[in-house]
Amino acid sequence: MIEDKENPSYSLENAMRLKAIIDTAIDGIITIDRNGIVESVNPAAAQIFGYQPEEIIGENVKMLMPEPDRGLHDSYIENYHRTGVGQIIGKGREVLGKKKDGTVFPFLLSISEVKLQDKQIFTGIVHDISSLKQAEAALRESENKINSIIQGAVDGIITIDTRGVIEMVNPSAARLFGYAADELLGKSINVLMPEPDRSLHDSYMHHYHVTGEKRIIGIGREVTGLRKDGTIFPFYLSISEVELADRKVYTGFVHDITQQKINEERLRRYAAELERSNRELQDFAYVSSHDLQEPLRKIQAFGDRLVTKEYDKLSEQGKDYVDRMLNAASRMQNLINDLLNFSRVTSKPKSFVKVSLDTILSEVISDLEVTIEQTGAVINRSPLPEIEAEPTQMRQLFQNLLSNAIKFRKEDVTPVINIYAKNLQRQAHLTATPGDEVTEIHVEDNGIGFDEKYLDRIFNIFQRLEGQKYEGSGIGLAVCRKIAVRHGGDITATSQAGVGTQFIITLAIKHPEE
């Protein structure tokens with residue numbers, strides 16, 4: 001059946017179909033007459049501008065424009081009618097619109113001219129691009145942020161293509177290699193490599209593209225770079241692979257480790273020298289003390305024979321000489337034993353284990369029970385933490401400190417000793433590395449004290465501030481310092497003569513694996 005296009009019912013159906021298309025269109029559609037008066041506006045256009053359709057129809061279309069377009073629109077239409085030259089008709093462009101609430105927004109406007117039998121009209125298609133513009137602005141802001149980060153980064157950042165040609169280099173990377181940035185753009189990345197890496201780089205990239213085997217991409221490692229002046233330097237290189245829409249690029253992050261490597265080498269040499277020196281000192285202390293034992297035993301043996309067999313035959317002065325000789329020999333024996341103990345602190349180290357300092361302290365107090373009872377000493381203690389340590393050395397530490405606190409008491413005054421701990425961080429927010437967290441043990445007494453100008457001396461071997469008044473070799477505090485240092489800390493003291501002393505011992509809570 002052939003439709004009759006002259007049939008009024010067909011024309012009506014066609015018009016209704018066209019109206020339905022316009023009314024349901026996503027984009028706005030506005031028609032104006034030759035004077036700019038709105039004749040029709042679809043729901044989408046009304047919604048875009050924030051009006052009801054009846055608020056726009058019959059009004060000049062310039063009501064939907066901000067200045068200066070609003071003031072220029074009538075003259076623009078007049079000029080088009082006079083010259084036939086249109087700035088936007090038949091072309092389309094991005095313009096600004098003004099909503100009912102005064103908001104100005106961007107949209108794409110395309111205008112077509114329609115000449116009917118009795119009049120001329122213009123149809124405008126309005127496509128709101130506000131969201132697109134916001135996305136573009138957000139993208140530009142993001143790009144600016146990323147670019148600022150790249151340009152301001154302390155580490156070097158270099159991007160190359162799959163052939164190894166440099167596409168981007170930030171100021172830090174250029175400065176690190178001694179170039180201006182534009183000197184590197186377009187150059188092969190191997191210009192920054194010394195041999196043999198320079199010759200091997202192209203084959204490495206080819207091998208990766210063929211096999212996918214990674215030697216550094218996504219892994220990172222220490223490598224050597226070549227500066228423009230020919231000097232080479234170490235840096236840590238990490239490379240990431242980025243898939244773009246049409247190609248692949250590689251971004252390298254360059255962290256200069258020159259100073260770190262110098263410090264590591266200095267530390268290695270210092271540690272080696274320190275180890276040698278310590279070994280010599282330990283050997284000297286150990287061997288010397290053993291060698292000294294033999295003549296000392298003879299002095300003691302013959303002295304004992306004089307006492308048991310010849311003592312009665314000696315004059316009073318002779319007896320005095322023998323007694324003083326044996327006392328000196330006894331003191332010498334104690335010195336040698338203390339020297340041996342001092343050398344053993346580091347010559348025979350044991351591995352660290354979890355140790356309850358509270359338990360150690362209880363055991364030491366039990367060992368000193370007789371002395372504590374004889375002197376009437378009062379020991380006030382707070383809970384001590386659990387740390388990684390060598391138990392025997394912790395026992396030595398507390399034994400020496402408590403014995404000292406009791407020994408150097410004031411006459412006719414009850415010795416009072418306070419023991420407590422504080423857990424500390426060496427630096428705020430850093431707790432990941434063994435040694436970052438320490439415990440501070442405080443041992444306070446009300447004894448005779450000392451002048452703090454002697455503080456450096458009291459921890460040295462054989463140093464005794466009180467001469468012969470108190471027994472001992474002067475090694476105890478030196479042993480305490482060696483133990484504290486071996487456990488990642490140190491020992492110091494505050495004191496006032498006649499008032500008392502506070503020893504502060506720092507010990508790391510955890511240690512690197514040996």
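Me: What makes strand 9 and strand 10 a pair?
Reply: Two strands pair if DSSP finds at least two bridges between them. Nine bridges join strand 9 (residues 232-243) to strand 10 (residues 248-256), so the pair meets the rule. The two strands run antiparallel, and Tyr236 stands opposite His255 in strand 10. Strands here are DSSP runs of E with at least two residues, and helices are runs of H or I with at least four, both numbered from the N terminus. This is a predicted model, in which local features need pLDDT of at least 70 and side-chain atom pairs count only at pLDDT 80 or more, while totals for chains, interfaces and linings use all residues. Residues are numbered from 1 along each chain as its sequence is written, and side-chain values use heavy atoms, with hydrogens and water left out.

Me: Why is the contact of Glu167 and Arg247 called a salt bridge?
Reply: A salt bridge is a side-chain nitrogen of Lys or Arg within 4 Å of a carboxyl oxygen of Asp or Glu. The N to O distance for Glu167 and Arg247 is 2.7 Å, so the pair qualifies. Glu167 is in strand 7 and Arg247 in the loop between strand 9 and strand 10, 80 residues apart. By this rule the count comes to 21 salt bridges.

Me: Why are helix 11 and helix 13 called oblique to each other?
Reply: Angles under 35 degrees count as roughly parallel, over 145 as roughly antiparallel, 65 to 115 as roughly perpendicular and the rest as oblique. The axes of helix 11 (residues 357-367) and helix 13 (residues 391-407) cross at roughly 50 degrees and come within 9 Å; the helices are therefore oblique. Axes are lines fitted to C-alpha atoms, for helices over the stretch in contact, and angles run from 0 to 180 degrees between N-to-C directions.

Me: Which residues make the contact of helix 11 with helix 13?
Reply: Among them are Leu357 and Ile360 of helix 11 and Met394 and Phe398 of helix 13, where contact means heavy atoms within 4.5 Å.
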